[in-house]
Amino acid sequence: MRLRGRACKRVSVAEFLGTFWLVFGGCGSAVLAAAYPELGIGFVGVAFAFGLTVLTMAYAVGGISGGHFNPAVSLGLTVAGRFPAARLVPYVVAQVVGAIAAAALLYLIASGKAGFELGGFAANGYGDHSPGGYSLLSALLIEVLLTMFFLIIILGSTSSRVPAGFAPLAIGLGLTLIHLVSIPVTNTSVNPARSTGQALFVGGWALQQLWLFWIAPLAGGALGGLVWKFLDDAD
């Protein structure tokens, strides 16, 4: 079913805001707070920040747009038959614009500190630009695998077979776990929109490696949709 007029604008704004909050809260925690002298939140804090962004906005605007905030999630839901293909592109556009807007505002805030250096700006990377020096293959495998399981968590927790109202908790904690595992490998993408916003400001290597952080999460999202469709074909 196609959305028209005001309803289309509402869901687009909801996806924009949700993705904005995910990038600003998650990447903002990495850029502003992760290594703060003596009181830094570290990897664990950043992981929880990403999980909390999704949890809070899923409750806030999930009832309006479904709370995707991620092109890989929208694709996975489409593959699983939970989301109409005709609405996929508008969702992805709103998500990418929201991520870029968040990265822009984060840049303006971060650059207000004396001696500011852009550094990695929470961009995703592999090889020399992986926090732990992991290879392209390692980055590809972990991004596909974790995005696939993220979709299984989303589809399972929103299934009619489980109690309603608790899905954001499972999804938010799932994203937290994903970050706890993969921040050292790629800085954790599992979300092409999140990767795009940061890469545009870093430029150079981040833009050159951005292809991986579209292909791998989208492939993982599609696989997750297929796996859930097999597991839950009665829905």
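Is Phe201 buried, partly exposed or exposed, and why? The exercises below work through this and related points.

The model is a predicted one, in which local features need pLDDT of at least 70 and side-chain atom pairs count only at pLDDT 80 or more, while totals for chains, interfaces and linings use all residues. Residues are numbered from 1 along each chain as its sequence is written, and side-chain values use heavy atoms, with hydrogens and water left out.

**Exercise 1. Classify Phe201 and describe its pairing with Tyr107.**

Step 1. Buried means under 20% relative accessible area, exposed means over 50%, and partly exposed lies in between (1.4 Å probe, protein chains only). Phe201 has a relative accessibility of 28% and therefore counts as partly exposed, and Tyr107, with a relative accessible area of 29%, is partly exposed as well.

Step 2. Rings of Phe, Tyr and Trp (its six-membered ring) pair if their centres lie within 6.5 Å, and planes under 30 degrees apart count as stacked, over 60 as edge-to-face and the rest as tilted. By this rule there are eight aromatic pairs. In one of them, the ring centres of Tyr107 and Phe201 are 5.6 Å apart and the planes stand at 25°, so this pair is stacked.

Step 3. Helices are DSSP runs (H or I, at least four residues), numbered from the N terminus. Tyr107 belongs to helix H4 (residues 88-110) and Phe201 to helix H7, so that the pair, 94 residues apart, links distant parts of the chain. Ring pairs also join Tyr107, Phe116, Phe121 and Phe201 into a cluster.

**Exercise 2. Describe the surroundings of Gln198.**

Step 1. Gln198 sits in helix H7 (residues 192-202), and because its relative accessible area is 0%, Gln198 is buried.

Step 2. Contact means heavy atoms within 4.5 Å. Leaving aside residues up to four places away in sequence, Gln198 touches Val23, Cys27, Ala103, Leu106, Phe121, Ala122 and Ala123.

Step 3. A polar atom of the Gln198 side chain lies 2.7 Å from the backbone oxygen of Phe121.

**Exercise 3. Locate Lys229 and find what it touches.**

Step 1. Lys229 is placed in helix H9 (residues 212-231), and its relative accessible area of 44% is why Lys229 is partly exposed.

Step 2. Not counting residues up to four places away in sequence, Lys229 touches Val79 and Ala80. Lys229 and Val79 are 150 residues apart in sequence, yet their C-alpha atoms are 8.2 Å apart in space.

Technical notes: Helix = DSSP H or I, 4+ residues; strand = E, 2+ residues; numbered from the N terminus. Polar contact = N/O pair within 3.5 Å; in protein donor to acceptor, adjacent residues only side chain to side chain.
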